[in-house]
Amino acid sequence: MNPETRLLHRKVPVAGAHPNVTPLFQCSSFFSDSEWFYTRKSNPNVDELEAAVRDVEGSAHAVAVATGMAALSAVLRLLRPGERLAANGLIYGCSYRLFADFCAQYGIGFDVLDFTDPAAVRAGIRPGTRLAIFETPTNPLLRTVPIEAVAREVHAAAPEALVVVDNTWATPLFQKPLELGADLCVVSATKFFSGHSDVMGGLVTTNRPDLAEEIRRIRFYGGSILDPHSAWLLRRSLQTFPLRMRRHAETFGEMAAHLRAHPRVRRVYVPDVDGRQLSAYGGILFVELDPALEPAVEAFMDSLRLFERGTSMASVVSSVAQPWSGSHLSMTEEEKRRAGIGKTLVRLCFGLEDPADLKADLTQALDRAGAALPAEVKA
Ligand SMILES: Cc1ncc(COP(=O)(O)O)c(C=O)c1O
């Protein structure tokens, strides 16, 4: 059966009641004869969500936690003092801060490498490396980390190391890191899985039963399980997830071409959809605006009528943000500059609106921002 069909029909059995939709089990505990015993360990809504995620990803195991950051934190807890963590330099700002702080606090070595280059990985991975974590495409700039080549290099240099891919932006529909040699995947379900900017969640997936068991143990004792209501909402969102993602992907190329043609856009960053690692892509891109627009970046974002401001993204509604002051605010200016994040870098996320409306909105906002510049820098 097509996993997308199976995903729609996933249901945990509710003895005797036969509801068409699994109800919300808003309870913290169960009778001792139940297969669930305490919601901090598991819950029917969480189980159903995890089954649906396994369908999307094709993974053997999925573990749902409260947020994407909780998923990354659970993975970090596999580390022991004296071991090393290697991470790609281009990464979500809060992930970078979490890794740096966690390593400093627990006596773990932290190596920031360029994972887009397998030779740099070969040179940078030390025998004591236990975790190698990266996003692909990266946040920001959407660069590709070749999962298969990097996993090979990491495992050759440090056989005990676990390769962890943050698959939030590609999503498990379009990219399957576990099939390419990764040991663990992490997803912020707050983004495309939710798709409506109304719920938070995180997932850790793996094909290794020992790792799944360890992550479940960490979740139970660390208390980071997803709450039943969020699981229920996310499970509902997942029913339209493949449909939404295909629409995001359809819109994407058209929007990138439109932006490239505007004279106030210096560069458009899109990922490499090679058909092998990444089968399709949609939603988020980055634009480097004309440097003259630096004082007018706020004006540009404010002039957009169809794009929400703030950290909201990967939703049915479009959004705009400046990584410098938003997603990467927790990095120092120096760290941001080193990662190629300047003030004129803007993140756009296209929702499900009519692409013609989005194009018209972008054009009028770019034109307005240009018009608002002082005469000497307008040209
Ligand atoms: C790539 C990536 N990973 C992890 C996270 C963290 O997810 P959450 O906000 O659900 O904790 C984010 C959030 O933006 C992200 O972009």
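This report covers the sheet, the ligand shell and some backbone features of a predicted model.

## Basis

Residue numbers start from 1 along each chain, as its sequence is written. Because the model is predicted, local features need pLDDT of at least 70 and side-chain atom pairs count only at pLDDT 80 or more, while totals for chains, interfaces and linings use all residues.

## The sheet

Seven strands form an open sheet. Their order is β1-β7-β6-β5-β4-β2-β3, and the pairing is mixed. Strands are DSSP runs of E with at least two residues; helices are runs of H or I with at least four; both are numbered from the N terminus. Two strands pair if DSSP finds at least two bridges between them.

The edge strands are β1 (61-65) and β3 (109-113), each pairing on one side only. From one strand to the next, the twist averages 20 degrees. The axes behind such angles are lines fitted to C-alpha atoms, for helices over the stretch in contact, and angles run from 0 to 180 degrees between N-to-C directions.

Strand β4 covers residues 129-135. Six of its seven residues are buried, so β4 is largely enclosed by the rest of the structure. Buried means that 20 or more other C-beta atoms lie within 10 Å of the residue's own; exposed means 12 or fewer; partly exposed falls in between; C-beta atoms are placed from the backbone.

Strand β2 (residues 84-88) pairs with β4 in the parallel sense over four bridges. Leu85 has Leu131 of β4 as its bridge partner. Strand β5 (residues 162-166) also runs parallel to β4, joined by five bridges. Here Ala132 is partnered by Val163 in β5. The chain passes from β4 through helix α6 (residues 147-157) to β5, a right-handed β-α-β crossover. Right-handed means that, with the strands pointing away from the viewer, the path from the first strand over the helix to the second runs clockwise.

## The antiparallel pair

Strands β6 (residues 184-188) and β7 (residues 202-206) pair in the antiparallel sense, over four bridges. Val186 stands opposite Val204 of β7.

The loop between β4 and α6 holds Pro137. Pro140 is also placed in the loop between β4 and α6. A cis peptide bond joins Thr136 to Pro137, with omega about -5 degrees. The bond from Asn139 to Pro140 is cis too, with omega near 5 degrees.

Pro137 has 24 C-beta neighbours inside 10 Å, so it counts as buried. Beyond its neighbours within four places in sequence, Pro137 contacts Leu142, Arg143, Thr144, Trp169, Ala170 and Pro271. Contact means C-beta atoms, placed from the backbone, within 7 Å. Pro271 is 134 residues away along the chain, yet the two C-alpha atoms are separated by 6.2 Å.

## Positive phi

Thr171 is not a glycine, but its phi is positive, near 75 degrees. Thr171 sits in helix α7 (residues 171-174). It counts as buried, with 24 C-beta neighbours inside 10 Å.

Ala314 also has a positive phi, about 55 degrees, without being a glycine. Ala314 lies in the loop between α10 (297-303) and β10 (319-321). With 25 C-beta neighbours inside 10 Å, Ala314 is buried.

## The ligand shell

There are 14 residues around the ligand. Thr67, Gly68, Met69, Ser188 and Thr190 come nearest. A residue is near a molecule or strand if its C-beta atom, placed from the backbone, lies within 6 Å of it.

The shell divides into four nonpolar, eight polar and two charged residues. Ala, Val, Leu, Ile, Met, Phe, Trp, Tyr, Cys and Pro count as nonpolar; Asp, Glu, Lys and Arg as charged; the others, Gly among them, as polar.

Definitions and conventions: Two residues are in contact if their C-beta atoms, placed from the backbone, lie within 7 Å.
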